Amino acid sequence: MINDIQKDADQRMDKTIESFRHDLAKVRTGRAHPSLLEHITVPYYGAETPINQVASISVQEGRTLVLQIFDKGAIQDTEKAILKSDLGLTPNVAGQVIRITMPPLNEERRKELIKVVRGEAENAKVAIRNIRRDANNSVKELEKEKEITEDDLRRAEEQIQKLTDAKVAKVDEFLEEKEQELMEI
């Protein structure tokens, strides 16, 4: 039973970390990367369609995203979706190709982005700690119902704490990588 609780906590913490990494990928660093556009949807034949299903996205020369639109009718809608997104990017249309050049980040914008990234990291850590709390409560419930001993409870809590420490360290590691990436010129 204790192993099931720990396994569940581990899986939930991994999902939290994966979500955090996904959020980090959205933060623009001045370098072009196809994942920047992942969350954008395009109105395509009456349905909101992910941009990667309307166009192939590639990187050109490190700072330019190139979208090869599959259907000519979707060019204007794709352009509008990119303009409406919270990324602040300006697409340039040339035939069936849309080019997006990533402007270099200034010092002030870099510091703002670092604050955003640190906030995301703190949210991930809080989520991990909440999962720890849930797991500890489940183990305490087992002890209360006399299904495990007090020693088992202490051991389980220690293992859950070690798991939590490892996951928080992983979040810190990803945060540090992103901060370095943001501060590169």
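Q: Why are α1 and α3 called roughly antiparallel to each other?
A: Helix α1 (residues 2-26) and α3 pack at an angle of about 170 degrees, with axes 10 Å apart. Axes are lines fitted to C-alpha atoms, for helices over the stretch in contact, and angles run from 0 to 180 degrees between N-to-C directions. Angles under 35 degrees count as roughly parallel, over 145 as roughly antiparallel, 65 to 115 as roughly perpendicular and the rest as oblique. The pair α1 and α3 is therefore roughly antiparallel. This is a predicted model, in which local features need pLDDT of at least 70, side-chain atom pairs count only at pLDDT 80 or more, and totals for chains, interfaces and linings use all residues. Residues are numbered from 1 along each chain as its sequence is written, and side-chain values use heavy atoms, with hydrogens and water left out.

Q: What makes α3 and α4 roughly antiparallel to each other?
A: Helix α3 (residues 107-144) and helix α4 (residues 150-183) pack at about 170 degrees, their axes being 10 Å apart. That angle is why α3 and α4 count as roughly antiparallel. By class, their contact has 16 nonpolar, three polar and 13 charged residues. Here Ala, Val, Leu, Ile, Met, Phe, Trp, Tyr, Cys and Pro count as nonpolar, Asp, Glu, Lys and Arg as charged, and the others, Gly among them, as polar.

Q: Why are α1 and α4 called roughly parallel to each other?
A: The axes of α1 and α4 cross at roughly 10 degrees and come within 11 Å. The two helices are therefore roughly parallel. Residues making the contact include Q6, M13 and F20 of α1 and Q159, L163 and F174 of α4, where contact means heavy atoms within 4.5 Å. The contact of α1 with α4 divides into twelve nonpolar, three polar and seven charged residues.

Q: What makes Q159 count as partly exposed?
A: Buried means under 20% relative accessible area, exposed over 50%, and partly exposed in between (1.4 Å probe, protein chains only). Q159 is placed in helix α4, and its relative accessibility is 44%, so Q159 counts as partly exposed. The C-alpha atoms of Q159 and Q6 are separated by 8.1 Å, although these residues are 153 apart along the chain.

Q: Why is Y45 called exposed?
A: Y45 has a relative accessible area of 73%, so Y45 is exposed. Its place is the loop between β1 (41-44) and β2 (47-50). Phi of Y45 is near 50 degrees, a positive value in a residue other than glycine. Most residues other than glycine have a negative phi.

Q: How do you know that K146 is exposed?
A: The relative accessible area of K146 is 72%, so K146 is exposed. K146 lies in the loop between α3 and α4, and has a positive phi of about 60 degrees although it is not a glycine.

Q: What makes the chain more spread out than a compact globule?
A: The chain has four helices and six strands, in the pattern α-β-β-β-β-α-β-β-α-α. Helices (H or I, at least four residues) and strands (E, at least two) are DSSP runs, numbered from the N terminus. The radius of gyration is 22 Å, well over the 16 Å that the globule rule gives for 185 residues, so the chain is more spread out than a compact globule. The radius is taken over C-alpha atoms, and the rule is 2.2 Å times the number of residues to the power 0.38. Along the principal axes, the C-alpha atoms fill a box of roughly 70 × 40 × 20 Å. Of the 185 residues, 38% count as buried.
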